Amino acid sequence: MPCPRTNAVFLPLFLLGSLLVLDQQSGRSKGAREDVVVVDLGQLAESPKGKEMLGRTQVCAPGTLRSITQVRDDIERARKDLLDSVPRKTRSVTANDTSNEDETTNDTNDEEETTTTMIEQRVRQLEVEMEGLRQCGARINPETLNLRYNASCGHKGRVYGIGLFKTGTTSLIPALKGLGYSASKETSGFNSHLFGGLQMCDDLSVSQALDGWGPTIKSIEHGRVPSAARYLDTSLAAADGPWLFMFERMDRWYPGSKFILTLRNSTASLVNSDIKMSIRAKVRKNVISEAQGNYALEEIYAAQRRGEFDLIWGLSVVDFAIIVARRYEQHNDRVRAYFSERPDALLEMTINSEREDQWQQLAAFLDCAPPKHSFPRKNAAPTHQNDVIEERHMEALNWRNFYITRTEKEGCMFKITQKPGFETVMIGNMSYVCTSCEGFWLR
């Protein structure tokens, strides 16, 4: 639902100065929720800063000033009322009841049906309000306002790494910190509190899980978006999960921020890195042997089907490669589409040891002098670990040639089947069979 036009706008306080319309008794904005203030657009347009911000800030109606928590609580109460009304609708009259009792019961049922319809309409109205609330408004609270960039770069706002896992996100954060963009422990990398259990999910599934709407994730609680926002309020930089999936929200919450889409040299390189990281973890936990840790793709797949090699997040190495490749390419396409009309807000950057211009790229994007020391290189795979996936494998395992469907409402498990019209994929001397398909196990 698009944000309704109105005479109020949500903006960072440090840009508004004396334009705030404050309640003199409470010192807070009239009618404002905890994280927003209300500003008169007529006054704001008179300010050069205000005119600049109006061009890139979403405008929301005063009716959306309630917090997401308040609306969610109202929806839960309305749904409970709806469930409570159903048993009363289905009650029947016994044979000993009089005709007057029949008429009374029919009237009561009609009233209850009307009540149920009203509750259903209220739920729909609340859900519309929730959607509008998600789409509108910058975050305004003391933590946000007190945080300032005080180093030498020209860009004084926030900077977010939104590349997928294994694209150099762990290296990007120390680089940004070195330029003066502070990051807390919670935003400096993978946040297991917010993102645990979502590693195999795509952008849409993660967004729904964080909100507590749509397909649920067993290991994630409802309403974690407010927690995520509080972490972001106290940091000027963030990268990795779940932050990389939240770029649209972060763009709304913190107008004027810049975003960095970190990339690999190829999709095969990304898939390789993800597989090798999972295999290293299994070797460390003694789930597989060190020798198995250097198996080629064909050896891993055959061993998995015999039950001699642990699955990766519940998937065979082949299915894992298909899912990871799909998520990587779809995420990149989504980011590029979102920033297509604001190219100055997005930097695409490949982080690897073969490039020598990484500081130059980052410094030019943020308007600062490039440091003289080497660009950080963190969490790289050991050189002795062999690649599993080759380019020829990715051509045969092109995710566009497969149907990929979720197999359960909770979690991110998938069933993958090859589309008709394509040659049967061979993995070594074995025909490809999806992990959840009949005939996968050979033991």
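## Disulfides

The S-S bond that links C153 and C368 has a torsion of about 65°, so this disulfide is right-handed. The link connects distant parts of the chain, 215 residues apart. C153 belongs to the loop between α5 (142-146) and β3 (159-161), whereas C368 belongs to the loop between α14 and α15. Helices (H or I, at least four residues) and strands (E, at least two) are DSSP runs, numbered from the N terminus. Both cysteines of this pair are buried; the term buried stands for under 20% relative accessible area, exposed for over 50%, and partly exposed for values in between, with a 1.4 Å probe and protein chains only.

By this rule the count comes to two disulfides. C434 is joined to C437 in a disulfide with an S to S distance of 1.9 Å. The link of C434 and C437 is right-handed, with 95° about the S-S bond. C434 has a relative accessibility of 1% and therefore counts as buried.

## Basis of the model

The structure is a predicted model, in which local features need pLDDT of at least 70 and side-chain atom pairs count only at pLDDT 80 or more, while totals for chains, interfaces and linings use all residues. Residues are numbered from 1 along each chain as its sequence is written, and side-chain values use heavy atoms, with hydrogens and water left out.

## Salt bridges

A search of the whole structure finds 11 salt bridges, each being a side-chain nitrogen of Lys or Arg within 4 Å of a carboxyl oxygen of Asp or Glu. One of them joins the side chains of R334 and D203, at 2.3 Å from N to O. R334 lies in helix α13 and D203 in helix α8 (residues 203-211), so this pair ties together parts that are 131 residues apart in sequence. R334 is partly exposed at 24% relative accessibility, whereas D203 is buried at 8%. A network of salt bridges links D203, E248 and R334.

A salt bridge also forms between the side chains of D251 and R342 (2.4 Å, N to O). Because D251 lies in helix α10 and R342 in the loop between α13 and β6, the pair ties together parts that are 91 residues apart in sequence. D251 counts as buried, at 10% relative accessibility, and R342 as partly exposed, at 32%. In the salt bridge of E329 with R400, the closest N and O atoms are 2.9 Å apart. E329 is placed in helix α13 and R400 in the loop between α15 and β7 (402-406), so the pair ties together parts that are 71 residues apart in sequence. E329 is buried, with a relative accessible area of 18%, while R400 is partly exposed at 40% relative accessibility.

## Strands β5 and β6

Four of the five residues of strand β6 (residues 346-350) are buried, so the strand is largely enclosed by the rest of the structure. Strands β5 (residues 258-263) and β6 run parallel and are joined by five bridges; two strands pair if DSSP finds at least two bridges between them. I260 stands opposite L347 in β6.

## Backbone features in loops

Most residues other than glycine have a negative phi, and most peptide bonds are trans. The peptide bond from G241 to P242, however, is cis, with omega near 5°. P242 is placed in the loop between β4 (237-238) and α10 (247-253). D240 lies in the loop between β4 and α10, and its phi is positive, near 75°, in a residue other than glycine. D240 has a relative accessibility of 8% and so counts as buried.

D367 likewise has a positive phi, near 60°, in a residue other than glycine. The place of D367 is in the loop between α14 (358-366) and α15 (391-396). D367 is exposed, with a relative accessible area of 54%.

Methods
Disulfide = S-S within 2.5 Å.
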